[in-house]
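This briefing walks through the fold of one protein chain and the surroundings of its ligand, topic by topic. Please keep the sequence and the structure in view while reading.

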Amino acid sequence: MVKIKLLLVGPVQSGKTHLANFLADAFEFSGDEYWPTKGARILEFDVRDINVNNRKDKVDVELWDVSGDRQYEGCWPAIQHEANGVLFVYSASRVERDARELEALYTSFVQQQGLRDSQCLVIAHQQGADPGHAGKLPGSSFATIPQVDANLDANTNQIRSDFNGYVSQVAGMVSEAREKAERDIVGK
Ligand SMILES: Nc1nc2c(ncn2[C@@H]2O[C@H](COP(=O)(O)OP(=O)(O)OP(=O)(O)O)[C@@H](O)[C@H]2O)c(=O)[nH]1
Ligand SMILES: [Mg+2]
């Protein structure tokens, strides 16, 4: 079993909470009304039978659904502490507005924390009827980070499988680092 901490970040109303509830199967919190997230909320769930370094394993996910409101920036150090990965969510119909904000979030959540691009995923969230932009984000920060589309009103299998693929990759890195630390202790 591997435990990972993932952060879901992005501009306000880009659908992070909606997406987090879907990924955690926590539909009791969902509805069409908008309830801004205060600071962050933590969802815990496991992903079973996924490939972790060529072994089938269970991964315990701690998913931090982070508010897009800058008034909570003071909470970011606590949120960022020991995170293993960052999921960037933006609204596909507001790509110009959101792209600039994502660049700033990338600096704070990835570069300044010493995380690698391989620990990140970009999600273009298509909310409601207007699918909006579904190509790649402009800007160089995200050039090497995989970008996927999510449409919870249509194909939910796709985003679930994209998410599981990402979890498998991050869990693989975490488990490898743990095994290396164990080997270092015994000096082999
Ligand atoms: N139809 C539809 N509506 C959505 C979807 N995702 C979000 N919404 C609506 O968009 C609004 C904002 O969604 P949230 O998930 O709360 O946004 P957020 O990114 O968590 O916003 P903050 O917590 O303020 O940062 C809510 O009214 C949701 O019901 C979606 O996939 N489809
Ligand atoms: Mg929210």
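In this predicted model, strand 1, spanning residues 2–9, is mostly covered, with six of its eight residues buried. The protein chain as a whole contains four helices and six strands, which follow one another from the N terminus in the order β-α-β-β-α-β-α-β-β-α.

**Strand 1 and its partners**

- Strand 1 runs parallel to strand 3 (residues 55–66), and the two are joined by seven bridges; within this pairing, Val2 stands opposite Val59 of strand 3.
- Strand 1 also pairs with strand 4 (residues 85–91), again in the parallel sense, over four bridges, and here Val9 has Phe88 of strand 4 as its bridge partner.

- The six strands form an open sheet of mixed pairing, in which the order is 2-3-1-4-5-6.
- Strand 2 (40–52) and strand 6 (147–150) stand at the edges, and because each has a single partner strand, one side of each is left without a neighbour in the sheet.
- Neighbouring strands of this sheet are turned against each other by 25° on average, when direction is ignored.
- Strand 5 (residues 120–125) pairs with strand 6 in the parallel sense over four bridges, and His125 stands opposite Ala150 in strand 6.

**Helices against the sheet**

- Helix 1 (residues 16–23) packs on the sheet and touches strand 1, strand 2, strand 3, strand 4, strand 5 and strand 6, while its direction makes about 150° with that of strand 3.
- Helix 4 (residues 156–186) lies across strand 1, strand 2, strand 3, strand 4, strand 5 and strand 6, and it runs at about 85° to strand 2.

**The chain as a whole**

- A compact globule of 188 residues would have a radius of gyration near 16 Å, and the protein chain, with 16 Å, agrees with this.
- Taken along the principal axes, the C-alpha atoms of the protein chain fill a box of roughly 55 × 30 × 30 Å.
- Buried residues account for 35% of the 188 residues in the protein chain.
- Of the contacts in the protein chain between residues at least 6 apart in sequence, 76% join residues that are at least 24 apart.

**Around ligand 1**

- Ligand 1 is surrounded by 19 residues, of which the closest are Gly15, Thr17, His18, Thr37 and Gly68.
- By residue class, the shell around ligand 1 divides into four nonpolar, 10 polar and five charged residues.

How values were computed: Residues are numbered from 1 along each chain as its sequence is written. Chains are lettered from A and ligands numbered from 1 in the order in which they are written. This is a predicted model: local features need pLDDT of at least 70, side-chain atom pairs count only at pLDDT 80 or more; totals for chains, interfaces and linings use all residues. A residue is near a molecule or strand if its C-beta atom, placed from the backbone, lies within 6 Å of it. Ala, Val, Leu, Ile, Met, Phe, Trp, Tyr, Cys and Pro count as nonpolar, Asp, Glu, Lys and Arg as charged, and the others, Gly among them, as polar. A residue is buried if 20 or more other C-beta atoms lie within 10 Å of its own, exposed if 12 or fewer, and partly exposed in between; C-beta atoms are placed from the backbone. Two strands pair if DSSP finds at least two bridges between them. The radius of gyration is taken over C-alpha atoms; the globule rule is 2.2 Å times the number of residues to the power 0.38. Two residues are in contact if their C-beta atoms, placed from the backbone, lie within 7 Å. Axes are lines fitted to C-alpha atoms, for helices over the stretch in contact, and angles run from 0 to 180 degrees between N-to-C directions.
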